[in-house]
Structures are given as structure tokens and as C-alpha cells.
Amino acid sequence: MDQVTVLCVDDDPDLVALTASLLEDSNERFETITETNPRAAIKRVHEQSVDCVVSDYDMPEMNGVRLLESIRDEFPDLPFILFTGKGSEEIASTAIAHGVTDYLQKDTGNEQYELLANRVSNAVAQHRASQRAGNLDRIRGLVQDVNQMLVRTTDRQHVERRICEIIADADPYLLASIVEIDSNATGTGTVEANSGEDKRTETDVHVRTSAADSQKTTTIDKTDLDSVVECCPVDAAIESSSIETATRDHTESPATTFDSDSLSCAAVPIQYDGQLRGVLCLVADRGDAFDSRERNLIAEISEDLGHAIYRIELQDRQQRFERIISNLPVGVYRNAPLPDGTLLEVNPALVEMFDAAGKDELLGRPFRELYADPADREQFVSKLKRDGIVHDMQLEFETLSGEQFEASVTGITTVENDERYFDGIVQDISDRDTPAPERTAIPQQIQPDR
């Protein structure tokens, strides 16, 4: 078990000091703080991270049950043990009704403090296990929320921002950011969201990823974010291509507005097909954050995000390519392999070249129907099957309206996903009176799109 902070409350200064001292002697992981005033104890719980409260019952102004009730209003699951010299069934029943974790009557001798230490240790262990289980359930729900968002989104900037917002708004995490990687192996990015009252904090982050100089430089306008960036091991995650974690102790750094004494940070590489596309940084105020089960879940988020970024980039490239093909002044086509040979894709220039009313008049039509001379087709197909490419072959074609024209054709065999296609470029070189697309030089070689 990690360090356990125990708040001891008793109006008798000597007794509360004795209880704190003997608890620390009983368990080296215990760190105690004391209060003699119940109202000061309530304030302490709000200001400092506490794992368990051990309180006397009979105190002026507010007894132990009233203290329990006040703490339960804000911290319903915080372990609370009533350690009292006044033992009665009525007190025990009232304490149980208000959600006390355990009830122990004071006795003589040091054995009672060993028993109290065991009760504290067990209560904290059960509480932390319950918290971990709850956090894992919330993270599983987070994975589903992220997946649903990724399916619907086609813009990378929007994807990254929404990922950060969804994660930061979830209970297990305080902040989320994505550090993008540039071509010089230097991480640059933006802290996109946080889960405090101010849900969005825009600030530049620069992270040096060189093994020789791993010091990170930041431009931050909040001490909270400064602590986060300094503790997040982005450079180590880039170098190892795996999740790296770190903890930042607030006692060793300037004060922040976080409730916890320490921050746990995880740097999660965003990868797909062996290519690093960024680093997802997560910050939690849990000392037990990022165990093996949690790592597996956030790895799922990272993998899904990496695939989504790849899909978006692929769609962007395809759209740019399609725009280029659509604007080319020469005919471009793809047809199925023989013996079918039907047209699968055509650009506007090819539609105009064959006097078609639109793409639908050409798509699905066997390409052989467009040859004016069947011998030309046999010559072209034979060379294409033999060499895999045909360059600047002059052939006779016939438009859908019956007009013949001469064209220069370059074709290539393309294999995609184990399927073979024929791709080609057609340039009208006849002197037809009908408007023809502007002529352009045919490239010396066309490489298949892999």
C-alpha cells in the first residue's frame, strides 16, 4: 500500500498526539495530522488530501457523529473510524446510520492502537480498491465515448480537441493534451482541455525530445499547467514508443489549485502502422493512477485515435487526388480486369471526349465498345498483359455519337488489395471540329498507387 494520510481528531491535545504517534509506530506507511477542533478538521479535509479520519465521539460544539455527518456531505466514501471512550449501542447505531466505516471503543494498553492501525489499513485498502474499480469502469465508458466520436468525425483538429475534452471531463482525469510531433522530432502542441471550472485552457507547449537534451521548455500561463507539463514524460514516451508515467509532488514545487498533494501523469504515444502521430498526455490526482489495467484501456484510446488520424489523413489525400484527376485536361480511367474490362472510374475530360451526357453513360460499359478497330484493342491489351505498361500508343476510338477520333493512350496494370485493375490516360490527338480538352504532355511513366 502507498502512503496513507490519517487525520486524527480529539479535543484532548495529549490523547490526539498519542493516537497519532502510536499509529505511525504501528505502520511505517502512515502519516498523521491532528486537529483538536472538529470544525478545523472539516476545513483540513477540504484543503488537504486525507485517506482516513479517526475521530473521538465526545467533543464540545460538535461530537464525532456530527463531524461524520458533515464530512459525509462532501466526501461520502472517505473512510471514517469512530474511536471513542464512550461506548454504547445507541452511539454505534447512530454512527452506522450516518455511514461510519468502523467503530472502535478505546481501551487500556497499546494493543488497541495496533487494532486501530489494522482497521485503518483495511478501510483505506478497501476504499482504494473500490475507487480503482470505479475509475476503470468510467475509463471503459470513456473508451466507448471516444470510439463513437471517432466514427463520426473527419477533421483531425476537431478529433484531437474533442478527445481532450471528453477525457478531461471524465472523473478519472484532471487534464488532457495532445502533443503533435513535427519533422524535426520536436514535440509541439496545445493543452486542449481541463476538467476544472475553466474547461478550456489554450496554451502552447514545446517539448524537446532529444535524448541528449531532454529538458522541456514551456509557455504556460497557469501554475497548474506548468506542473502538468513538467511532469509529463513526453520525451521518454517518444523514445520508448510506449506509455511512460511520472508523479509530481506538490510539496516540492510551487502551490497549485489542485486538491491532491501529487499529480500522476502519463504520456501515451499515438501510433498507427509504425508511424508516431503524436503523444496523448493524461493527468490524474490519484496516487494509484495508470496501473496495468488502466494502461491497457488508455492504450485502446491511443490506438483508436491513431487509426482515426490515419483514416482522416488518407481521406484528405484521396480527396486532393480526386480533385487533381477531375481537373486534368486529359481523360483518365480505371477499368476492371479482363475479360470483363468494364469502366470503374472516369474523369470529366474522358466523359467529354466520348460525347457522354455524364459519368453514368460510361461507368459499367466494357471499354472494348469504345474502340473503333478491335485490332487496336488486341494490340493494346497484349502489350499491357506482357509488359504491365503501355506508353503513348496511338489508337482509334469511337464516341457514343459515332464519331471516330485518334488518341494517344498510356496504360498501366495496378494491383490493390490483391485485385488487379487497368488504369489509363487518354489524350485526343485528332483534329476534330468538336471542342476537345486541352492537350498536355503524357508523363514518361505512371506508377501504380499503392
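Which residues of strand 3 are buried on one side and on the other? C52 and V54 on one side and V53 and S55 on the other are all buried, so that both faces of the strand are covered; here, buried means under 20% relative accessible area, exposed over 50% and partly exposed in between, with a 1.4 Å probe and protein chains only. The model is predicted: local features need pLDDT of at least 70, side-chain atom pairs count only at pLDDT 80 or more, and totals for chains, interfaces and linings use all residues. Residues are numbered from 1 along each chain as its sequence is written, and side-chain values use heavy atoms, with hydrogens and water left out.

The chain holds 11 helices and 17 strands, where helices (H or I, at least four residues) and strands (E, at least two) are DSSP runs numbered from the N terminus. Of its 450 residues, 46% are buried. With contact taken as heavy atoms within 4.5 Å, 53% of the contacts between residues at least 6 apart in sequence join residues at least 24 apart.

Two strands are said to pair if DSSP finds at least two bridges between them. Strand 1 (residues 4-9) runs parallel to strand 3 and is joined to it by 4 bridges, with L7 standing opposite V53. Strand 4 (residues 80-84) also pairs with strand 3 in the parallel sense, over 3 bridges, and L82 in strand 4 is the bridge partner of S55.

The loop between helix 2 (38-47) and strand 3 (52-55) contains D51. This residue counts as buried because its relative accessibility is 17%. The side chain of D51 reaches the backbone nitrogen of T5 at 2.8 Å. A polar contact (a pair of N or O atoms within 3.5 Å; within protein, one must be able to donate a hydrogen and the other to accept it, and residues adjacent in sequence count only if both atoms are side-chain atoms) also links the side chains of D51 and R128, at 3.3 Å. Beyond its neighbours within four places in sequence, D51 is in contact with Q3, V4, T5, L78, P79, V124 and R128.

Attention now turns to the nonpolar interior. A nonpolar core is a set of buried Ala, Val, Leu, Ile, Met, Phe, Trp, Tyr and Cys residues joined through side-chain atoms within 4.5 Å. The largest one has 33 residues, of which I163, I167, Y173 and L280 touch the most other members. Two or more residues come from each of helix 5 (111-152), helix 6 (156-169), strand 6 (175-181), strand 11 (262-272), strand 12 (275-284) and helix 9 (292-327). Setting aside neighbours within four places in sequence, I167 is in contact with L142, Y173, A176, L280, L282 and I301.

Rings of Phe, Tyr and Trp (its six-membered ring) pair if their centres lie within 6.5 Å; planes under 30 degrees apart count as stacked, over 60 as edge-to-face and the rest as tilted. The whole structure contains 10 aromatic pairs. The rings of Y173 and F290 are stacked, because their centres are 6.0 Å apart and their planes lie at 15°. Y173 is in the loop between helix 6 and strand 6 and F290 in the loop between strand 12 and helix 9, so the pair ties together parts that are 117 residues apart in sequence. Both are buried, Y173 with a relative accessible area of 2% and F290 at 5% relative accessibility. Y272 and Y310 form a tilted pair, 4.6 Å centre to centre with 35° between the planes. Since Y272 lies in strand 11 and Y310 in helix 9, this pair ties together parts 38 residues apart in sequence. Y272 counts as partly exposed at 28% relative accessibility, as does Y310 at 24%. Ring pairs also link Y333, F354, F367, Y371, F397 and F405 into a cluster.

Helix 9 is also the place of I325, which is buried with a relative accessible area of 19%. I325 and A349 are 24 residues apart in sequence and 9.3 Å apart in space, C-alpha to C-alpha. In strand 13 (residues 331-335) lies N335, buried with a relative accessible area of 6%. Not counting residues up to four places away in sequence, N335 touches G341, T342, L343, L344, Y421 and F422.
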